[in-house]
Amino acid sequence: MDIFIQQLINGVTLGSVYAIVALGYTMVYGIIQLINFAHGEVVMIGAMVAYSVIVALAGAGAPLPPLAIVLAGALVAIPVCMAVGFTLERVAYRPLRRAPRLAPLITAIGLSIILQHLAMIVWSRNPLPYPQIVKSVSYHLTGNPNGATITNVQIAILAVSVAMMAGLMALVYKTRLGIAMRATAQNQAVAGLMGIDVNKVIALTFVIAGGLGSVAGVMVGTYYGIAHYQMGFLLGLKAFSAAVLGGIGNLAGAMLGGMLLGIIEALGAGYVGDLTNLCHFADWSEALAQRCAVDPNVVLFGSNYQDVFAFIVLILVLVFRPSGLLGERVADRA
Amino acid sequence: MSASLTPGPSPAMRERGDVTPLLALEKLCVAYGGIQAVKGIDLTVGRGELVCLIGANGAGKTTTLKGITGLQPVRSGRVVYDGEDITGQPSFRLVQRGLAMVPEGRGVFGGLTIEENLAMGAYTRRDRQGVAADVERVFELFPRLKERRRQTAGTLSGGEQQMLAMGRSLMSKPRLLLLDEPSMGLAPLMVQKVFETVLRVSAEGVTILLIEQNAKLALEVSHRGYVMESGEITLAGDSKQLLGDPAVRAAYLGASA
């Protein structure tokens with residue numbers, strides 16, 4: 001039971017990060033039907049910029065509380081990633097707005113590679129150890145002293161994610177700008193006839209997505225204690241899977257998909273070793289029994305298979321419910 | 001159609017020749033790729049006038065409107081609005097100048113509520129109280145919309161969507177209203193209601209360019225009319241005269257010549 005609770009906590013933490021990144025994919029898709037594959041790299045740049053700021057501040061021995069240093073890192077990363085998002089849209093995607101859909105898609109993949117390598121030039125090809133300046137404190141959740149815990153970092157990630165999601169929902173559903181975004185997503189030509197500057201709304205969508213992504217990057221870096229120029233690739237693909245799971249283009253779907261994916265992944269990683277332990281079948285074979293006598297864990301798939309679950313989910317969703325959990329069926333859109 | 005659908009006195013009659021037209025198209029050409037859909041037409045709409053542009057499906061009526069509002073690039077010629085050349089201006093800039101359009105097929109935002117649709121109509125306005133008052137005015141005009149104000153527009157019937165589209169276009173306080181086929185796909189009773197509204201808006205002083213396939217109705221409610229065929233204006237004149245014109249009767253009113 002403790003393992004289950006622990007993996008659930010880990011999953012929800014991870015899931016909230018996926019959800020924030022998935023929101024970036026889904027917002028952009030919702031408004032211009034583009035899968036911005038470079039979004040994972042925006043997240044990576046957020047992590048990297050914050051890394052540099054944190055290292056500089058911590059290294060200089062600035063008399064600041066650790067939390068303030070991390071916050072300062074995020075406050076620098078946010079505008080940088082917003083600017084990256086804005087630039088991607090303005091320079092690469094806008095000229096292709098009327099092009100066949102394959103063109104912006106391939107451009108997105110190209111941008112992703114470009115951003116990775118720019119980051120490699122700036123921050124080197126080595127994994128960078130995120131300074132663990134925030135002292136990790138664990139809180140026990142059950143009576144068991146060796147049982148499930150939640151750390152202060154996890155609590156912070158959850159709180160920040162929930163606050164950002166609530167803020168985004170309020171922006172999109174309650175403000176004039178948000179209504180204009182939804183109107184633009186539904187019909188750009190008519191939105192223009194309302195006096196909405198469609199280009200500005202689209203640019204703003206990229207800026208907001210970049211801002212969300214940067215915070216996700218800082219959270220990932222702080223949580224795993226590491227940043228790397230390629231970290232955005234897998235993270236981005238998983239968040240994209242989460243967006244598809246929830247129904248791409250649907251904000252609530254991205255949040256639900258992110259959370260579910262995080263939980264599935266954590267539970268999968270927690271249990272896959274146990275479930276594929278061949279020693280359950282030791283009775284079946286003499287050779288196996290002998291090996292299990294020496295080592296009771298003859299595991300077919302270990303927790304290093306964690307990353308597989310996101311993509312199994314992606315494939316299952318694409319096969320059985322292509323529109324995603326909360327997505328509208330394609331026929332309903334006409 | 002009932003006698004209630006007759007236009008007010010033509011402003012062109014009242015103030016003949018003293019002002020420039022609110023909208024003037026000068027040799028306007030609009031093309032889709034290589035296909036010339038609008039072939040150099042001239043058209044004017046005077047201040048306060050209700051002018052209709054009629055013609056068969058594919059004559060280039062909608063393309064003309066798209067050329068005016070910048071939805072389709074203009075190949076050559078000019079669009080002059082209120083004495084100013086607005087050719088090729090992006091559509092969002094025109095709203096601030098008092099130009100509103102109800103697009104073909106209504107173009108309501110199906111996923112937005114009725115209130116949100118109306119709020120988008122008033123997007124360029126900053127006077128909150130005035131907007132709130134105008135929302136009430138639209139609800140007065142179309143009580144059906146008020147009952148459903150928090151429903152998404154996608155749940156409305158075709159006629160209700162047309163009402164919403166018209167109400168939304170009025171929210172920007174337009175001086176010139178472009179209506180693209182407001183009767184399309186509507187039941188006769190709803191058509192009557194829509195045209196009553198067109199007349200009421202016209203009577204309030206809004207200049208209207210009405211595009212219609214329903215030629216009889218359009219000529220009945222308007223002051224002047226233009227007939228379009230294969231991208232060109234073939235006939236123009238007083239709506240009453242056009243209604244009696246044998247060629248128009250034969251081609252568009254279903255009467256034998």
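Q: Which residues does Ala19(A) touch, not counting residues up to four places away in sequence?
A: Ser161(A), Met165(A), Ala242(A), Ala254(A), Met255(A), Gly258(A) and Met259(A). Contact is called when two C-beta atoms, placed from the backbone, lie within 7 Å.

Q: What kind of model is this, and how are things numbered?
A: This is a predicted model, where local features need pLDDT of at least 70 and side-chain atom pairs count only at pLDDT 80 or more, while totals for chains, interfaces and linings use all residues. Residues are numbered from 1 along each chain as its sequence is written, and chains are lettered from A and ligands numbered from 1 in the order in which they are written.

Q: Back to Ala242(A). Which helix is that in?
A: Ala242(A) belongs to helix H9 of chain A, residues 231-246. Helices here are DSSP runs of H or I with at least four residues, strands are E runs with at least two, and both are numbered from the N terminus.

Q: Buried or exposed?
A: Ala242(A) is buried because it has 35 C-beta neighbours inside 10 Å. The cut-off for buried is 20 or more other C-beta atoms within 10 Å of the residue's own, exposed is 12 or fewer, and partly exposed is in between.

Q: What does Ala242(A) touch, leaving out residues up to four places away in sequence?
A: Its contacts are Tyr18(A), Ala19(A), Ala22(A), Ala254(A), Gly257(A), Gly258(A) and Leu261(A). Gly253(A) is 11 residues from Ala242(A) along the chain, with 8.4 Å between their C-alpha atoms.

Q: How many residues are in the largest nonpolar core?
A: That core has 169 residues, and Ala19(A), Ala22(A), Leu23(A), Ala47(A) and Ala50(A) have the most contacts inside it. Helix H1 of chain A, residues 2-32, gives the largest share, 14 residues. A nonpolar core means buried Ala, Val, Leu, Ile, Met, Phe, Trp, Tyr and Cys residues joined through C-beta atoms within 7 Å.

Q: What about chain A overall, how many helices and strands?
A: Chain A has 13 helices and four strands. In chain A, 45% of the 334 residues count as buried.

Q: In what order do the four strands of the open sheet in chain B run?
A: The order is E2-E1-E4-E5, with antiparallel pairing. Strands E2 (35-45) and E5 (84-85) of chain B are at the edges, each with a single partner strand, so one side of each has no neighbour in the sheet. Pairing requires at least two DSSP bridges between two strands.

Q: How many bridges join E1(B) to E2(B)?
A: Eight bridges join them. Val30(B) has Val38(B) as its bridge partner in E2(B).

Q: How many residues does each chain put into the contact between them?
A: Chain B gives 21 residues and chain A gives 16 residues. On the chain B side, helices H3 (91-96) and H4 (114-121) each supply at least two residues.
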